[in-house]
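Please look over the sequence and the three-dimensional model shown below before reading on.

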Amino acid sequence: MPQTVAAPFPWADVWGQDAAVETLRAAASDPAALSHAWLITGPPGSGRSTLAHAFAAALVADRPDDEAAMRQVLAGTHPDVTALRTDKVIITIAEARALVERSYFAPSAGRYRVIVVEDADRMVERTSNVLLKALEEPPEQTVWILCAPSEADLLPTIRSRVRSLRLREPDVADVARLISLRTGADEKIAEQAARHAQRHIGMAQRLATDESARRRRDETLRSVLGVRGVGDAVDVAGRIIQAATEDAKALTAERDATERASMLRTVGIAEGQPVPPALRTQLSALEDDQKKRATRSLRDGIDRVLTDLQSLFRDVVMLQFGRDDDLINTELRAELAGLASAWPETRTLVVLDHLAETRQSLERNVAPLLALESLLVTITSGRKP
């Protein structure tokens, strides 16, 4: 059922997750209901991180009405809450060790010390193993909160040491209403954004407020539908990669420049002055982190394109099986209906399988351009290269 009444602070920004909020509110107020480690799972955009930080705020506060402490947690400035969210491809062992070390400190101001790992699915096996002992035998006043899309994204040894809480996927109407309230977007645009984002709240908000993002998505889908041969596949794949690269640069360039300027200002170097040899190592480390973040941003951008393409061919297979009441891309209904009648269901399923494989391949560092070219050849031919 849609959420109609906002939960009290600090839960007010958690949308459409009433059952999860009630579970965590009870745990924060009753030590008997509190586990030492939690895993919050749910699809992208379901509000995992928002819920995790609200829970951290409730755990730290001495009283349910201690808004000052809770606002400090939500602002990221409370000394008893350590949060890790990586913009890079993976969480490093060094970052995991720093979290473990922090977890053994007694709380300095609040009731508990809380460690939040927003991207727990980005830990490789060696990194996950660093957390095992801390999760198994944490200090009495330490609580771990991990976030991931699903339990399967973490090692079984991690899953066995946490209490899992699965979030529900919000309805399109829920997300559209939230986007309208947050941004003031027109109801039609908010509904379209929520539908195209497949209920991912963050992406829906971007689509609702960025006309160029809406236009780029439409152009990409139409260009893929227009692929008729290998030459088209190569051309369209190149354009998709170029657009994703430009988008990634736009998202990271300003932050990169601000970080560089801040570092130079901190050590007393004016803009344009040469960097002394003694500081070049620090600057190189910053640039290395920025390159890793840019790689992650590009991969995320390409993955969003692949997610959009999955929605496209999911609509095709829905039409092929006689379902037209729950389409994601209703604006392309005519084109999709044409494909549905021209292709056998087996061909659409081959395309969907290849889409899933392409997403997995990109996580294994396959060259994005080659992966996309191969996918588009499959779309135009109905066979995997």
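A residue is called buried when its relative accessible area is under 20%, exposed when it is over 50%, and partly exposed in between, with a 1.4 Å probe and protein chains only. The model is a predicted one, in which local features need pLDDT of at least 70 and side-chain atom pairs count only at pLDDT 80 or more, while totals for chains, interfaces and linings use all residues. Residues are numbered from 1 along each chain as its sequence is written, and side-chain values use heavy atoms, with hydrogens and water left out.

Helices (H or I, at least four residues) and strands (E, at least two) are taken as DSSP runs and numbered from the N terminus.

The neighbours of E4 can be described through pairing, for which DSSP must find at least two bridges between two strands. Strand E1 (residues 37-41) runs parallel to E4 and is joined to it by five bridges, and within this pairing tryptophan 38 stands opposite isoleucine 145. Strand E3 (residues 113-117) also pairs with E4 in the parallel sense, over five bridges, and here valine 116 has isoleucine 145 as its bridge partner in E4. From E3 the chain crosses through helix H5 (residues 125-136) to E4 in a right-handed β-α-β crossover, a term meaning that, with the strands pointing away from the viewer, the path from the first strand over the helix to the second runs clockwise.

The charged side chains come next. Side chains of opposite charge can pair when their charged atoms come close. A salt bridge is here a side-chain nitrogen of Lys or Arg within 4 Å of a carboxyl oxygen of Asp or Glu, and by this rule the count comes to 23 salt bridges. One of them links arginine 323 and aspartate 325 at 3.0 Å, N to O; arginine 323 is partly exposed at 40% relative accessibility, whereas aspartate 325, at 58%, counts as exposed. Aspartate 65 and arginine 63 meet in a salt bridge at 2.9 Å, N to O, with aspartate 65 exposed at 54% and arginine 63 partly exposed at 44%. Glutamate 137 and lysine 133 form a further salt bridge at 3.2 Å, N to O, in which glutamate 137 is partly exposed at 48% and lysine 133 is exposed at 52%. A network of salt bridges links Arg168, Asp171, Asp174 and Arg177.

Some backbone details complete the tour. The peptide bond from phenylalanine 9 to proline 10 is cis, with omega near 10°, and proline 10 lies in the segment before helix H1 (18-29). Arginine 199, a residue other than glycine, has a positive phi near 70°; it is found in the loop between helix H8 (187-196) and helix H9 (201-209) and is partly exposed, with a relative accessible area of 29%. Asparagine 365 likewise has a positive phi near 70°, and its place is in the loop between helix H14 (345-363) and helix H15 (368-381), where asparagine 365 is exposed, with a relative accessible area of 56%.
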